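Visitor: Let's go through the charged side-chain pairs. Please show me the model.

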Amino acid sequence: MLRSLLLMTLPLLLAGAGNAATDGNAAGEYRAATVAEGLEYPWGLVFLPDGTMLVSERPGRLRRVAADGTVSAPLDGVPAVYFAGQGGLLDIALHPRFAGNKLVYLSYAHGGPGANATRVARAVLGESGLHDLEVIFTARPAKDTPQHYAGTLAFRGDGTLLVSVGDGFDYREQAQNLESLLGKTVRLTDDGGIPPDNPFVGRDDAAAEVWTYGHRNAQGLVVDPVSGRVYQHEHGPRGGDELNVLRPGRNYGWPAITHGIDYSGAYVSPFSELPDMEQPLKQWTPSIAPSGLTLYRGNAFPEWHGDLFLGALVDMEVRRIDLEDGRIVGEQALLGELGERIRNVRVGPDEHLYIVTDSAQGRILRVERR
């Protein structure tokens, strides 16, 4: 696709007086340039050393995007996906030593209506596509619902891979069952093995892959390379979306505690806190439907240094979470003028934000200072 020349002036909008940012930049003006368009429900986005991007489309396609916005034909070698409900081809991650080994990691919904699961595979990226593909993780047990796959991927500084797994929607109680991988964050070695220092290794009543538990549907995951903190957000039901700092072995409460209610209006739980269950760093009620998560440490926008950015699908905007020493001191809503669902947010090698919109005619946008 040709690069769009349309530039839109996008003033920063503050989100709520109680969360107002105080850095004095709210009146600043930014513009969003369309880098690529015509993508069908794009989801994951990574930047390659050669200056191109890889983007996943939920129906099961992986494409390269050139610097001029040209979108390639679908790449070969992508595994078959279960494209239904919220399922399909989801996140992408590059091996920490990608420059040498060319390994790409994909998360996706695998299976069919009666039995499906979050799966992760890795493969070598070549000129025309993927080869030497191997499956390194499949969540268990399989479920029969096409919702709540989660599927976000992030490498830690020690080279281990974190994978979020959703609760399967109708199986939310499994999030508290340590023998099940539903509603968990799992930690793997880069080839899918189990790190020996995982918190539940050696226990007969727990799956050794589990790193954290008590999650609903986490579609944002990022590791701060400076502090080592792992940030994850997850969808609540009606209210109770959460942003958490993950710590190994901890229980994040779902569905025993929640700040939201069920879609029927009934209580999921009468409790919003219980002993030995973590409280979120932040929660949103009503829901904003968070998706995608990145941490900014670039120089193009020094006022954003160290802050988190996430998409808000329902509110059709990007949220900036202003962090100081791991504490939230403000929040801003950006890009609401676009009027589009925001699926993902990433920081490019040029230190600008890149936004992925969620639609049958999805786009990749680059946020620039005017």
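Visitor: Which residue forms a salt bridge with Glu 303?

Guide: This is a predicted model, so local features need pLDDT of at least 70, side-chain atom pairs count only at pLDDT 80 or more, and totals for chains, interfaces and linings use all residues. Residues are numbered from 1 along each chain as its sequence is written, and side-chain values use heavy atoms, with hydrogens and water left out. A salt bridge is a side-chain nitrogen of Lys or Arg within 4 Å of a carboxyl oxygen of Asp or Glu. The closest N and O atoms are 3.3 Å apart, and the partner of Glu 303 is Arg 369.

Visitor: How many residues apart in sequence are the parts that Glu 303 and Arg 369 tie together?

Guide: Strands are DSSP runs (E, at least two residues), numbered from the N terminus. Glu 303 sits in the loop between β19 (290-296) and β20 (307-312). Arg 369 belongs to strand β25 (residues 362-369), so the separation is 66 residues.

Visitor: Is Arg 319 buried or exposed?

Guide: Buried means under 20% relative accessible area, exposed over 50%, partly exposed in between (1.4 Å probe, protein chains only). Arg 319 has 8% relative accessibility. Its salt-bridge partner Asp 315, at 2.9 Å from N to O, is partly exposed at 31%. Arg 319 counts as buried.

Visitor: Where does Asp 350 lie?

Guide: Asp 350 forms a salt bridge with Arg 366 at 2.7 Å, N to O. The pair links distant parts of the chain, 16 residues apart, with Arg 366 in strand β25. Asp 350 lies in the loop between β23 (342-347) and β24 (353-357).

Visitor: How many salt bridges does the count come to?

Guide: Some are linked in a network of Lys 282, Asp 315, Glu 317, Arg 319 and Glu 331. The count of salt bridges comes to 26.

Methods. Helices (H or I, at least four residues) and strands (E, at least two) are DSSP runs, numbered from the N terminus.
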